[in-house]
Amino acid sequence: MNRKKLTIDAQDAQGRFKSRLEEVNGERQEILEEFKQYNSDDEDVPDEMRDDWEALEAERVQLERKVERFDDFISEVSSTEFVISELTFGQMQAVKDIVSQESFDVDVQKQSVEGTPLEGVYREAILTRSIQEKPEEVDNVMDLPDVIGEWLWGKVDALNTSGDEDMGNMSLEEALES
């Protein structure tokens, strides 16, 4: 049975982040132009304008960080492509077993289970099974910068999410990358 495979490119993602950064900066400039009609201490400045500015500033900072980290990554690797594949049911069950073994303490005599599922263990197990090809300079995807790891995780998770949990919703990052 064929599993779905995707080739994803860090340069493409970086380009989308840069494009969105340009849009954000344009929107910020529009607010600045509109703000000039008010005194900076003027209480007449609409709260919505201030809220919009703060939201854009937060997004700008986040996007600048992403672009910088993607720039660094791209300059350090010979290829920016990753090939990811959909996991089989058996692979997903193996991941659940690994998470259970790593996350929970079972006391058979007391008939008790203690612990919390470890998200990092889950993500690492999914990523290592789903990534079929990666830049040769990447030994372990868990050693990548967080921004790159989160981008990869978003792609792998979207490819492997199924059933009732997948409502077709996109995160803001996924929408920016599509």
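This is a predicted model: local features need pLDDT of at least 70, side-chain atom pairs count only at pLDDT 80 or more; totals for chains, interfaces and linings use all residues.

**Surface patches**

Let me begin with Asp47, a residue of helix H2. Is Asp47 buried or exposed? Its relative accessible area is 58%; exposed means over 50%, so Asp47 counts as exposed.

Asp47 belongs to a patch of negative charge on the surface, together with Glu30, Glu34, Glu48, Asp51, Asp52 and Glu54. Which elements give two or more residues to this patch? They are helix H1, spanning 10-35, and helix H2, spanning 47-76. The greatest contribution is that of H2, which supplies 5 residues.

One member of the patch, Glu34, leads us to the loop that lies between H1 and H2, where Gln37 is found. A polar atom of the Gln37 side chain is placed 3.1 Å from the backbone oxygen of Glu34. Gln37 has a relative accessibility of 59% and is therefore classed as exposed.

Which residues make it? Val106, Val108 and Val113 do, and the patch covers about 320 Å². Of these, I would draw attention to Val108, located in the loop that connects strand E3 (104-107) with strand E4 (112-115). Val108 is counted as exposed because its relative accessibility is 67%.

To summarise, I have described a negative patch to which H2 gives the most residues, and a nonpolar patch made by Val106, Val108 and Val113. Thank you for your attention.

Notes. Residues are numbered from 1 along each chain as its sequence is written. Side-chain values use heavy atoms; hydrogens and water are left out. Patches are made of residues with over 30% relative accessible area and no salt bridge: like charges are joined within 9 Å, nonpolar side chains (Val, Leu, Ile, Met, Phe, Trp, Tyr) within 5 Å. Accessible areas come from the Shrake-Rupley method with a 1.4 Å probe; for residues, only the protein chains shown count as cover. A salt bridge is a side-chain nitrogen of Lys or Arg within 4 Å of a carboxyl oxygen of Asp or Glu. Lys and Arg count as positive and Asp and Glu as negative; His and the chain ends are not counted. The place of a charge is taken as NZ of Lys, CZ of Arg, CG of Asp or CD of Glu. Helices (H or I, at least four residues) and strands (E, at least two) are DSSP runs, numbered from the N terminus. Buried means under 20% relative accessible area, exposed over 50%, partly exposed in between (1.4 Å probe, protein chains only). A polar contact is a pair of N or O atoms within 3.5 Å; within protein, one must be able to donate a hydrogen and the other to accept it, and residues adjacent in sequence count only if both atoms are side-chain atoms.
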